[in-house]
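Me: I am new to this structure. Please take a close look at one part of it, the surroundings of the ligand, and keep it brisk.

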Amino acid sequence: MSAIAINPVHRVVRFYEAPIGKKAIMALTGVILFGYVVAHLLGNLQIFGDPDQINKYAAFLHNPANAGLLWVARSALLLAVGLHILASLQLWKLKNDARPVAYVKKDDAAATYASRTMMWSGPIVAAFVIFHVLHLTVGAVVPLQEIAPNEPNVRANVIAGFSNPLISGFYILAIVLLCTHLYHGLWSMFQSLGFSHPRYTPKLKKGAAIFAILIAIGNCSIPIAVMAGLVK
Amino acid sequence: MRITLHIWRQRNANDAGKMVRYELPNVNHEMSFLEMLDVLNEDLIAKNEEPVAFDHDCREGICGMCGCMVNGMAHGPLPGTTLCQLHMRHFKDGDELYLEPWRAKAFPVVKDLVVDRTAFDRIIAAGGYISVATGSAPDGNAVMVPKEDAERSMDAAACIGCGACVAMCPNAAAALFTGAKIAHLGLLPQGQPERQQRAIAMVAQAKQELFGSCTNMGLCEAVCPKEIKLEVIARMNGDFIRASLSGR
Ligand code: HEM
Ligand code: FES
């Protein structure tokens, strides 16, 4: 028997009640979302391949034979994003309650810009994702073109969308914010899950910065190429 | 040198409080920060005004009693330094300084710059100790400790519980403090028997005291007078997660 008394609630409740438990959930869901961002980018970069390459890829994803898998992936992503946002809102409330009287003067310059703006970059990226799905998946913003049923003409839809400077501008803004969110998130999740080491953590931070910037460059290259007339 | 102070004045826990401006025309640059406040207080007493209440004890940077925000930085602008070890030579003639108490729900203001930090005591009481057999003293080196672990444990044990980490943290989290205590004990063989329960109990207590949640911003590390590293927070996270997953 140990001398330390712990609250006898169910272990799952106790885990999630603790801020550290919520942070662990944010880190794990963050990994899933990061994985999706990478996969999504690799898929999209096919727009720089043969004119019909990306449409073939889209037809493969939309093939009714793969519909089950597609919905499993979509549900997993929705669950991940839901848990990520739920935990972030609960922790945000905790933060606001924890300091009811603000400082007259506060100097936060020692923290990175990215870490100070997680509750801005995250929600704006989420708002963008909703718009993006309505735009290019649902077709609620502009009517989408199809080659055949279940064969969207992704190439034409992307070119039409990004020819609009407002859509491209919002896209680029969201990607830059995603880049800062991932810069802090990608090394932060190791810390949240318990890994920190004086030799590896500084390298992790550099790696996170490089990854975040590469993802931003990759994603932004598409609207920029469309607007510059390089992808027709 | 001439220093202008804006100090948070609050009569008691129920008073609303406000910033009050004081001019100090003749500050000696060899004074410590607290000596400057002593001089101000002597002035105030001579004028029959209420002196500024601030916590202090050792004035040697070892007890953890002193501390307030100076221009938005806990313990002032000098890294690795308690307020009592900060000297006026680090400021220049004409500086305007804003002094505010640590701000956190868990640290209610008692008076002026003095806050109640007993929430930290309750976190310690929840699990920041080890069980030992009482009786005759044990043999000096009966329990072997790897040198590196001993050093890291000592580094964490340097925490004096001043509360600067909470004060500086935008989330008012007590992660650096709690992490330091958990790492200090958990790095030593003597701390192993209760390691899992300790992590769970101390983390739960910090939540109950209404401290916020760490977002790995690192401002605590930047102002900690004992330069405790963010690594102790990762260690606490790891201990907590492992205890939650593997506990029976
Ligand atoms: C409404 C949407 C979102 C909000 C409010 C949000 C908020 C947050 C917050 C507050 C953190 C914790 C950061 C910290 O501890 O310093 C975080 C971490 C993270 N976020 Fe998000 N986020 C959102 C969307 C996203 C999206 C869309 C992605 C990926 C595409 C993402 C990826 C990550 C990653 C990888 C982490 C690291 C996990 C960790 O710190 O342990 N987030 N997010
Ligand atoms: S008065 Fe003891 S640490 Fe400052």
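Reply: Here is the ligand site, followed by the chain contact around it.

The model is predicted. Ligand 1 lies between chains A and B. Its shell holds 23 residues. The closest are K23(A), H84(A), H181(A), H184(A) and T215(B).

Start with the polar side chains. K23(A) places a polar side-chain atom 2.5 Å from an oxygen atom of ligand 1. S188(A) has a polar side-chain atom 3.0 Å from a ligand 1 oxygen. For S192(A), an N or O atom of the side chain is 3.0 Å from an oxygen atom of ligand 1.

Next, the helices. In chain A, helix 2 (19-44), helix 4 (67-98), helix 6 (118-138) and helix 8 (165-192) each supply at least two residues of the shell. Helix 8 of chain A gives the largest share, 7 residues. By class, the shell has 12 nonpolar, 10 polar and 1 charged.

Now the two chains. Their contact takes 44 residues from chain A and 52 residues from chain B. The area buried between them is about 4,000 Å². Carbon and sulfur atoms give 63% of that area. Between chain B and chain A there are 0 salt bridges. There are 19 residue pairs in polar contact, counted with both at pLDDT 80 or more.

On the side of chain B that touches chain A, helix 8 of chain B gives the most, with 9 residues. That side has 30 nonpolar, 14 polar and 8 charged residues.

Definitions and conventions: Residues numbered from 1 in each chain as written. Chains lettered and ligands numbered in written order. Predicted model: local features only at pLDDT ≥ 70, side-chain atom pairs only at ≥ 80, totals over all residues. Heavy atoms only, no water. Near = heavy atom within 4 Å. Polar contact = N/O pair within 3.5 Å; in protein donor to acceptor, adjacent residues only side chain to side chain. Helix = DSSP H or I, 4+ residues; strand = E, 2+ residues; numbered from the N terminus. Nonpolar A, V, L, I, M, F, W, Y, C, P; charged D, E, K, R; others polar. Contact = heavy atoms within 4.5 Å. Buried area = accessible area lost by both parts, 1.4 Å probe. Salt bridge = Lys/Arg side-chain N within 4 Å of Asp/Glu carboxyl O.
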